[in-house]
Amino acid sequence: MPLSKGPELSLMACILKSAGGPTSPLEMPAPESGFLRLERKGPMARPPATGRPEAALPPRLWSCIVLALLTGLVLPPPCPDAAATPGPDKFQRSRARMAERQIRDRGITDPATLRAMAEVPRHLFVPPKLAARAYEDLPLPIGFGQTISQPFIVAFMTEQVRPRPGVRILEIGTGSGYQAAVLAAAGAEVFSLEIIPELAQSAASRLKNLGYTGIRLREGDGYHGWAQEAPFDAIVVTAAAEFVPPPLLEQLADGGRMVIPVGSPFFVQRLLLVEKEGGKTSTRVLLPVRFVPLRRPR
Ligand code: SAH
C-alpha cells in the first residue's frame, strides 16, 4: 500500500518489519531503540471524522467567514497533527453507560480497567460509519476480515493481566489499536504486534494522533513474540491459536500471566489464563469465546 507523504510519514518509523522479514518502505529505524515511542501530548484538537462529505456553503456564508477571519473572529482550524486526549465528546455518555452496564455490572471490578474503559474513545477505533455503534455490546469489523472485540471481552482480558504503571505487556494482534490503548490507559507499558501491514500502519497513526504514550508497535508474526523486549509481565493474545505458541511461553516472566484464546478458528474457542510460577506453568479455562484466527505467514 503506498504511503502518503506529510504527517503520516512520521508514523512510518513506528512500524518495523520483524527481523528477517521482507524489506519495505516501512523500514525506517527511529533513533536509539529502533522504534518510535508514541507520545501522548496535549488536548484533543480535532473532532472525530464522520466520513460524511461536507456540505457546500452558500456564498453569503462564505463572505461572512472571510470577513470574520479578516477581523480575527474565527479561529483557524485545528492543526491536524496535534495530539488528542480522550475527553468530552458526543459519545461520552454512551461510553460511560457502556462502562457501567456492560463492564462493571457484569463483574469487572479492577479500578484501572474500569477507568480505562470509560476513557478510551472506542468510536475512534472503528470505521467512521460504525462510530455510532461503537459502544454497543458487540464486536465490530475493522477491515481485512478482522474485528475489534466486544467491549466486555476487552475489559475481561485487561483485568486478567492486571495493567499498572511499571507493568510490561505484550499484545499479539494490534488490529485497530483499541486493546493496546486500553492497556496503556490503565498505566501499562505496551508492546503490540500486528501481522497485517495496513492495520499496523493505521493503528500506529491512530494511536499517535490520539496521543497515547507507552505503546510500541511492530509489524510481524506475533507467534514469535518480541524476543528483544522479553520477558513480559503479561501477554494478551487477541487472535485464536490452535495451541499456546512456545515462544510466548518463553517470553512470559516468572509470575507472569497470559490470556489467550485457544481452539479451532471455526468453533467456539476457550479463553485460557496461563500463569508461570517458579518456572512451571498452569492453565485455567476462563470463558468460551470466538476470535479471528492467529494467522501464520505462508
Ligand atoms: N486487539 C485488536 C483486535 C484483534 S483482531 C483490537 O483491539 O482492535 C485480531 C488481530 O490479530 C487482527 O488484526 C489480525 O490481523 C491479528 N493477527 C492475526 N494473526 C496474527 C499474527 N500471527 N501475528 C500478529 N497479529 C496477528
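Colleague: Which residues lie nearest the centre of the second largest pocket?
Modeller: This is a predicted model, with local features needing pLDDT of at least 70 and side-chain atom pairs 80 or more, while totals for chains, interfaces and linings use all residues. Numbering runs from 1 along each chain as its sequence is written, and side-chain values use heavy atoms, without hydrogens or water. A pocket here is an open set of points on a 1 Å grid over the protein atoms alone, where a 1.4 Å probe fits, with protein on both sides within 12 Å along at least five of seven lines; lining residues have an atom within 4 Å of a point. The lining has 37 residues, and those nearest the centre are Thr147, Thr238, Ala239, Phe291 and Val292.

Colleague: How much space lies in the second largest pocket?
Modeller: Take the space filled by probe spheres set on the grid points, joined across faces, edges and corners. For the second largest pocket that gives about 550 Å³.

Colleague: How many residues of α6 are buried?
Modeller: Buried means under 20% relative accessible area with a 1.4 Å probe, counting protein chains only. Helix α6 spans 178–185, and its buried residues include Tyr178, Gln179 and Leu183. The count for α6 is 8 of 8.

How values were computed. Buried < 20%, exposed > 50% of the residue type's maximum accessible area, 1.4 Å probe, protein only. Helix = DSSP H or I, 4+ residues; strand = E, 2+ residues; numbered from the N terminus.
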